[in-house]
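Open the model in your viewer and keep the selection panel at hand. The stops below are meant to be taken in order.

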Amino acid sequence: MAPNHGYVPLDGGDTVMSPGSWEGVMRCVGAACAGVDAVMTGDARNAFCATRPCGHHAEPSKAMGFCIFNQAAIAAAYALETFQLERVAVVDFDVHHGNGTQAAFFNRPELFYASSHQSPLFPGTGAASETGVDHNIVNLPLPRGCNSELFRARIESGMLPAIRNFDPQLIIISAGFDAHRLDPLAGLNLEDSDFEWITTELVRIADTACEGRIVSILEGGYSLEALATGTTVHVRALMGIAAD
Ligand SMILES: [Zn+2]
C-alpha cells in the first residue's frame, strides 16, 4: 500500500510509491478494464487510456522500471475471463521491452505478445529467441539509431504477419512514445509519422480480425513534446482521422 507521507522504493530506485500512488495505479487498471468493457460491449470501437505510471515492466509479482501494475496484461486477462475470449494480443511499440507482459503471457498460448524495442537497453530481455510456449511471443530487437525505414520494414516483415496469424479477438496496444527521436532516455529515431503508421496498420488488422476492437494504453515517453505529438497522431489514427 502507499505510504502516508514521503516515498517508498519498490525496486531499488526506479519505482517508488508516494501517498497518491495507490489511487493512481488503481485508476490506471480501472481505465484499462473500462476500455475493455467499452469495446467488448460495443459502446466504442476502440479506446485510448491516458494512464500513468506505465505498466509493461511490472511482472506478475514484482514492480519494476517505473511500473507498479501491468495495465495491459491485466486488461488482457480481464478480457479473457469476463468476455470468454480465446485469443487476446498485446502489441507493444514502447522503446523498452515489456518484460512484465512477456512474463505474464509466456506460458499462456491464448495470450500473444509482440514487442519492438531498442536492444541492448533496459530491461535487457526481449531477444528474438524468446518465443513463448507456443510461438505466442514475438520480439523484434532494434539497433540504436534505428530510423523510420528500418522500423517499418522490421514491423512489416516480423510483426504484422504474426499478429494476423494469431487472429486476435481483441488487440491491446502498449503505446509508448519513447522510441521518438526526441526522447532523452533511449536512442531510436522514430518520427510522429511512424506512430501514425503502426497505429493505422493495427487498426487495419483489428478491422479484419475483430471488428476494430482495440484498447490502447499509454506506456513510456520522456520527451514531453514527443509524448504530446505522438499521442495525438496515435489517437487520431485510432479515430480514423488522417494527420494534417
Ligand atoms: Zn519505455
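**Stop one: the metal site**

Select aspartate 178 to begin; this residue is buried, with a relative accessible area of 0%. Bear in mind throughout that the model is predicted.

Now show the zinc ion together with its protein donors: Asp94 (OD), Asp94 (OD), His96 (ND1) and Asp178 (OD). What are the angles among the four donor atoms? They run from 52 to 154°, and the site is irregular. The site is not counted as tetrahedral because that would require all angles to lie between 85 and 135 degrees.

Along the chain the donors follow the spacing D-x1-H-x81-D. Aspartate 94, in the loop between β4 and α3, and aspartate 178, in the loop between β7 and α6, link distant parts of the chain, 84 residues apart. Colour aspartate 94 by accessibility: this residue is buried too, at a relative accessible area of 1%.

**Stop two: the rings**

Next, display the aromatic side chains; the structure holds nine aromatic pairs. One of them joins phenylalanine 93 and phenylalanine 177, with 5.9 Å centre to centre and 70° between the planes. That pair counts as edge-to-face because the angle between the planes is over 60 degrees.

Where do the two rings sit in the chain? Phenylalanine 93 is in the loop between β4 (88-92) and α3 (99-105), and phenylalanine 177 is in the loop between β7 (170-175) and α6 (192-210). This pair links parts of the chain 84 residues apart. Phenylalanine 93 is buried, with a relative accessible area of 1%, and phenylalanine 177 is buried with a value of 1%.

**Stop three: strand β8**

Select residues 214-218, which make up strand β8. How many of the strand's residues are buried? Five of five are, and the strand is mostly covered. Ile214, Ser216 and Leu218 point one way, while Val215 and Ile217 point the other way. In a regular strand, side chains alternate between the two faces of the sheet.

Then bring in the neighbouring strands. Strand β3 (residues 46-49) runs parallel to β8 and is joined to it by four bridges; look for phenylalanine 48 opposite serine 216. Strand β7 also runs parallel to β8, with five bridges between them, and isoleucine 172 stands opposite valine 215. To finish, trace the chain from β7 through α6 to β8: this β-α-β crossover is right-handed.

Technical notes
Residues numbered from 1 in each chain as written. Predicted model: local features only at pLDDT ≥ 70, side-chain atom pairs only at ≥ 80, totals over all residues. Heavy atoms only, no water. Phe/Tyr/Trp six-rings, centres within 6.5 Å; stacked < 30°, edge-to-face > 60°. Helix = DSSP H or I, 4+ residues; strand = E, 2+ residues; numbered from the N terminus. Buried < 20%, exposed > 50% of the residue type's maximum accessible area, 1.4 Å probe, protein only. Donors = N, O, S within 2.8 Å, 3.2 Å for Na, K, Ca; no water. Tetrahedral: all angles 85-135°; square planar, octahedral: opposite > 155°, others 65-115°. Pairing = 2+ DSSP bridges. Right-handed = clockwise from strand over helix to strand, strands pointing away.
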